[in-house]
Structures are given as structure tokens and as C-alpha cells.
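This report describes a single protein for a reader who has not seen it before. The sequence and structure come first, and the description follows.

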Amino acid sequence: MLYDTIKEKLFSPIVVAIGLISGACLMLLAEKRLSYAKCKTDIESISYKQATIIGCFQTLSLCPGMSRSGSTITGGIFSNIDHKTSADFAFLLGIPVIGAAVCYDLLKTANELTSMDWMMIAYGSIFSFIVACIAIKLFIRWVSQYKLYPFAFYRIFIGISILILFR
């Protein structure tokens, strides 16, 4: 619903840099706040309240520079869900969101696509699915081991670099 407004008003290097740094600060706060003693470690035990909090965090990704999966995982950690379960839930939440975005884009451009375009989209979708499955598995293993700290520091570095370059 807000696609045009977000594209027009919010896609500037400064806004992206602020989003990167803000997201990093949220990640660091979540890591500091996490209580491993009270952590939920499986998706089935996530409550409706926790799912709602995670969904609210996911909406932060409407702002440029805020990652959808990063926001969702951070929301899970704020809700006392461990890293692996938060990442699993984030990727499950991404399926309808990403699927809806792709379908919306395809509906808007369907009459402009040729049969060759549709074939390329099909091949690209299959290849992307395979690569995404591998990447998600590796990412979940990585975030379980190293937490969000490397991502947070990377985001701060990139955000500050953008601010310096575009001041």
C-alpha cells in the first residue's frame, strides 16, 4: 500500500544509513537483553503474543536499510526466543511476504512479459529456491553460533561509511 511513498520519500543514502545503524542498535540491544534461561527453542512453543511482537518488528523492514530477516530475528530475540528458532521463524514468515511481493510485481507487469520472460522467471525461481535453501541452512547454523554481533557491527560500519560518503 505504501510502495510509491516509500520509494519516493525514503530511498536516499542518508535514510538507508540511518536504517542500517538503527537496525544494528536494535540487534545489539536484543543480544544484551536475551535471557537464555527463559528462551524458547522450538517454533511450536511460540505464543501468539510473541508472534505478534515478531510481526511488528517485521514491519520495520518497510524502512530502507532495515533488513526483513534481521528485524524479524531481532524481534524473536526480544521475545526470548533463541537465535536458531528466531531465524527459522523469520524465514517461515518471509514465505508469504516475499511470495505476495513477487505476485504483486508479476501482476503489475504480466502483460509486458513474453513467453521467454516467463521461462526465464521459472528457471530463475527454481535456481533461486535451491540456492536459498542452502544459504538459509548455512545462515541458521552461523547465527546460532555467532549470534547477531557480526551483523550489527557490519551494519554500523556500512552505515557510517555511507554517511561519510554522502554528507
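In this predicted model, Ile126, Phe129, Ile130, Ile134 and Leu138 make a nonpolar surface patch of about 530 Å². One of these residues, Ile130, lies in helix α6. Ile130 has a relative accessible area of 46%, so this residue is partly exposed rather than buried. In general, residues three or four places apart on an α-helix point the same way, because the helix has 3.6 residues a turn.

Helix α6 itself covers residues 115-146, which is 32 residues. From its first C-alpha to its last, α6 reaches 45 Å, close to the 46 Å expected at 1.5 Å a residue. Just after α6 comes Lys147, with a positive phi of about 65°. Lys147 belongs to the loop between α6 and α7, the latter being residues 149-165.

A positive phi also occurs at Asn80, where the angle is about 60° although Asn80 is not a glycine. Asn80 is found in the loop between α4 and α5, and α5 spans residues 83-109. The relative accessibility of Asn80 is 16%; because buried means under 20%, Asn80 counts as buried. The table sets out the two residues.

| Residue | Phi | Loop |
|---|---|---|
| Asn80 | about 60° | between α4 and α5 |

The whole protein has seven helices and zero strands. Along the sequence, the pattern reads α-α-α-α-α-α-α. The C-alpha atoms fill a box of roughly 55 × 45 × 30 Å, taken along the principal axes. Of the 167 residues in the protein, 28% are buried.

Where is empty space left? Rolling a probe the size of a water molecule over the atoms shows this.

Key
Residues are numbered from 1 along each chain as its sequence is written. This is a predicted model: local features need pLDDT of at least 70, side-chain atom pairs count only at pLDDT 80 or more; totals for chains, interfaces and linings use all residues. Side-chain values use heavy atoms; hydrogens and water are left out. Helices (H or I, at least four residues) and strands (E, at least two) are DSSP runs, numbered from the N terminus. The expected span of a helix is 1.5 Å times one less than its number of residues. Patches are made of residues with over 30% relative accessible area and no salt bridge: like charges are joined within 9 Å, nonpolar side chains (Val, Leu, Ile, Met, Phe, Trp, Tyr) within 5 Å. Accessible areas come from the Shrake-Rupley method with a 1.4 Å probe; for residues, only the protein chains shown count as cover. A salt bridge is a side-chain nitrogen of Lys or Arg within 4 Å of a carboxyl oxygen of Asp or Glu. Buried means under 20% relative accessible area, exposed over 50%, partly exposed in between (1.4 Å probe, protein chains only).
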